[in-house]
Amino acid sequence: MRFLLLLFPALLLAAEPDWKAVDAESLDLLQRYLRIPSTNPPADTRAAAALFRDELAKVGITAKLYEAGPKGQVNLVARLEGRNKSKKPLVLMNHFDVVPVAREAWSMDPFGGIVKDGSIWGRGALDMKGIGIMQLMAVIAMKKNGIVPDRDIVLFSTCDEETGGDLGVRWMLKNHPGEVDAEYVLDEGGFGTRDVLQKGKLVFGISVAEKQPAWLRIRAKGTAAHGSQPIADNANMALLRAIEKAMAAPPSGKRHPVIAEMLATVGGTLEANKLTNAIQKNTLTLTTLKSGVGDPVKVNVIPSTAEATLDCRLLPGVNAQEFISDMRARINDPRVTVELLTTIDDTPASSFTTPLFETLRKVIKKHHPAAEVTPMMVPYSTDAPKFRKKGLPAYGFTPMILNAELLATMHSDEERIPVDQFHMGVRMMFDVIRSEF
Ligand SMILES: [Zn+2]
């Protein structure tokens, strides 16, 4: 073997992709992907799936497409065969669908795939078409350069993460569990940042846990009456008092182990901001209010009902039913009901002492030697808990350094990612799937 390598050093070099070419190809691919408006609803992901399928076919990988719904909701699975069949695969999970846009709030076409000021702009650039292309390009670069991974790498793209995954990850786990059977999963979630977790310090968070969404509807009933004569049994007033009592939830109890680990990694304190606040406690957000009779609403009518919704996010391990019964006890008004709108799925955190977590740490350190790497809790929801629930370590790995301003564009206007971070992300994803773990 040594003899061969001495004679043919090109054999060694062949293993390293031509990164300039990969950069050009991956940026072009992301631009084309962003131009596909795979908005959910309805999550018509046929064109997105075709783009991935065709790119994989060029390097000889046959993707399987799964039609999960009547409106073009398509999931995709593609496998890069590994050497070691005794190990279960690593699944690289991403979602094709994106949330809708408020077109007038964008300075450019959100489905234009435009590169400007060093960033690539478009709905999904951050959540999560950019990461999807990093995963796709890492697989393509391996195959193109004849690098066989240690274990099978399964690229898994879903059609409806943004509405809860019923036709995406849940559908696949129910109908084709063998196709996405794995030992590990990488999904979206954590990120590298110099300002969100601690100012001036480069911290890379790999998410291992997320909060439980408990969406509640609070409804108050009263007596309909003429606005000219005030009454005590006014549904609006009952609702106002109920909301105030509902929001006065007690402190969230003891520190979650993932938060304790984050604090230890960054040196004791996290930056004070809305994200770090949300991951350390149960949160309650008043998101909607609905009341009044007629459209336009009548100012002189006291309505018989009034309602509000609360987006509550509970720490892992918190009993949602107890949280809600405590809330009902605080409200203590027979005219007011509290209804749970989500299915509660309390999922434990993934272990952060696995060989894959160590691999992620090494890859991050290789590209960013100054970075501190920490497991992380995220306040929002991803598809990862559907795998965590089955006992698999599922990590949220966004291999980019992003600041608070960029992170705030997720699900918002002017969504974008820096081009250099995107290119770096492709390299990091490649290094992860080339590793043995
Ligand atoms: Zn997402």
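The structure described here is a predicted model. Strand β3 spans residues 90–95, and six of its six residues are buried.

### The surroundings of β3

Two strands pair with β3 in the parallel sense. Strand β6, formed by residues 153–158, pairs with β3 over six bridges in the parallel sense. In this pairing, Asn94 stands opposite Ser157 of β6. Strand β7, residues 184–187, is also paired with β3 in the parallel sense, here over three bridges. The bridge partner of Leu92 in β7 is Leu186.

### Domain assignment

The domain assignment of the protein chain gives two segments, 8–189 and 382–434, for domain 1, and residues 211–340 for domain 2. Between the C-alpha centres of domain 1 and domain 2 the distance is 35 Å.

An open sheet of three strands is arranged in the order β4-β5-β18, and its pairing is antiparallel. Its edge strands, β4 (114–116) and β18 (416–418), each pair on one side only. On average, neighbouring strands of this sheet are turned by 25° against each other, direction ignored.

Strand β5 covers residues 119–121 and pairs with β18 in the antiparallel sense over three bridges. Within this pair, Ser119 stands opposite Pro418 of β18. Helix α14, residues 419–434, packs on the sheet and touches β4, β5 and β18. The direction of α14 makes about 75° with that of β18.

### Helix packing

Helix α14 also takes part in a helix pair, with α11 as its partner. A further pair is formed by α7 and α10.

| Helix pair | Axis separation | Crossing angle | Handedness |
|---|---|---|---|
| α7 (235–247) and α10 (320–331) | 8 Å | about 130° | right-handed |
| α11 (355–367) and α14 (419–434) | within 9 Å | roughly 140° | right-handed |

An angle over 145 degrees would count as roughly antiparallel, and one of 65 to 115 degrees as roughly perpendicular. The crossing angle of α7 and α10 is about 130°, and these two helices are therefore oblique to each other. For α11 and α14 the angle is roughly 140°, so this pair is likewise classed as oblique.

The contact between α7 and α10 is made by Ala242, Lys245 and Ala246 on the α7 side and by Met327, Arg330 and Ile331 on the α10 side. In the other pair, Thr359, Leu360, Val363, Lys366 and His367 of α11 meet Met424, Arg427, Met428, Asp431 and Val432 of α14.

### Backbone particulars

Pro41 and Pro42 are joined by a cis peptide bond, with omega of about 5°. Pro42 lies in the loop between α3 (19–34) and α4 (46–58). Another cis peptide bond joins Asp127 and Met128, with omega of about -20°. Met128 is placed in helix α5, which comprises residues 125–144.

Ala43 is not a glycine, yet it has a positive phi of about 65°. Like Pro42, Ala43 lies in the loop between α3 and α4. Is Ala43 buried or exposed? Ala43 counts as buried because 26 C-beta neighbours lie inside 10 Å, where the cut-off for a buried residue is 20 or more.

Asn332 likewise is not a glycine and has a positive phi, of about 50°. The place of Asn332 is in the loop between α10 (320–331) and β15 (336–340). In contrast to the buried Ala43, Asn332 is exposed, because 10 other C-beta atoms lie within 10 Å and a residue with 12 or fewer counts as exposed.

Methods
Residues numbered from 1 in each chain as written. Predicted model: local features only at pLDDT ≥ 70, side-chain atom pairs only at ≥ 80, totals over all residues. Pairing = 2+ DSSP bridges. Helix = DSSP H or I, 4+ residues; strand = E, 2+ residues; numbered from the N terminus. Axes fitted to C-alpha atoms, helices over the stretch in contact; angles between N-to-C directions. Contact = placed C-beta atoms within 7 Å. Domains from an automatic or database assignment. Parallel < 35°, antiparallel > 145°, perpendicular 65-115°, else oblique. Left-handed = near helix turned anticlockwise from the far one by under 90°.
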